[in-house]
Amino acid sequence: MRRRCTDVLIEIWSDVVCPWCYIGKRRLEEALAGFEHRDRVEVEWRSFQLDPSAPAGADGPTESVAEMIGRKYGGGADAGQQMVAQVAGVAAEVGLDFGRHAEGLHLNTRDAHRLLHAAGPLRADLKEAFLHAYFVEARNLADPAVLTEVATGAGLDPDDVRAVLSSDRHDDEVEADVREAAGLGATGVPFFVVDRRYGVSGAQPVEVFTQLLERAWTHHAPGSILTIGADDAAAPGCDDGACAVPSTS
């Protein structure tokens with residue numbers, strides 16, 4: 001765990017193909033925007049793979065998100081499309097356009113996470129760029145050419161990007177993040193840990209993140225992780241390679 005001289009550290013385990021991770025990111029950002037001590041909060045993005053067995057490479061992924069969800073939860077592509085549309089409706093509430101998400105591909109995100117570890121101070125910018133590319137533009141983030149274009153567009157050096165993608169560089173860091181998430185009790189994402197004291201699972205409402213920030217500011221000292229939620233109800237998130245849609249959001 002790396003930390004600068006800030007009073008509150010928020011570590012976020014997420015995947016770049018997790019819709020609730022993008023929605024949760026926006027809700028946290030809204031809470032941070034209204035937080036008096038925003039400049040004293042550091043956000044650290046950590047890696048998590050929903051489906052490490054998903055196909056990789058430019059030509060590997062062939063199944064659409066709608067097809068994968070329909071297969072996993074039943075009902076086929078039409079049912080999958082309906083579930084994706086429900087999530088898109090929630091995304092629209094936080095200003096995100098998921099209109100093309102259903103046509104996106106079920107793909108492996110290992111290389112995207114390795115590039116995030118290589119991004120250094122540009123990690124937050126690259127995280128947003130990957131999420132936008134996948135959910136808004138339905139781009140294939142398992143394709144090295146797409147990864148290179150998105151990463152360089154976010155400010156990474158093209159030679160550095162190619163060097164990462166042509167090797168196993170940063171693979172150990174990705175694996176360490178995944179193991180650490182399991183050690184902290186995370187079974188799905190998004191998973192937020194503040195000062196190694198408070199834990200929040202799922203794309204919680206803005207007011208829950210506000211509560212989390214205020215509590216963390218009052219007691220910003222590491223300790224055992226306490227779970228904070230909305231009336232103890234589970235917030236929507238993704239696990240086991242897919243994202244179920246709850247009856248309420």
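Strand 1 and strand 2 (residues 41-47) run parallel and are joined by seven bridges; two strands are taken to pair if DSSP finds at least two bridges between them. The model is predicted: local features need pLDDT of at least 70 and side-chain atom pairs count only at pLDDT 80 or more, while totals for chains, interfaces and linings use all residues. Residues are numbered from 1 along each chain as its sequence is written, and side-chain values use heavy atoms, with hydrogens and water left out. Helices (H or I, at least four residues) and strands (E, at least two) are DSSP runs numbered from the N terminus.

Strand 1 also pairs with strand 3 (residues 191-194), in the antiparallel sense and over four bridges. Here isoleucine 10 stands opposite valine 194. With helix 1 (residues 19-33) and strand 2, strand 1 makes a right-handed β-α-β unit, in which the path from the first strand over the helix to the second runs clockwise with the strands pointing away from the viewer.

Seven of the seven residues of strand 1 (residues 8-14) are buried, so the strand is largely enclosed by the rest of the structure. Buried denotes under 20% relative accessible area (1.4 Å probe, protein chains only). Val8, Ile10, Ile12 and Ser14 lie on one covered face, and Leu9, Glu11 and Trp13 on the other.

In helix 2 (residues 65-73), the buried residues include Val65, Ala66, Met68, Ile69 and Gly70. Helix 3 (76-93) and helix 5 (123-135) are among the elements that cover the buried residues of helix 2, contact being heavy atoms within 4.5 Å. Just after helix 2, glycine 74 takes a positive phi of about 95°.

How values were computed
Buried means under 20% relative accessible area, exposed over 50%, partly exposed in between (1.4 Å probe, protein chains only).
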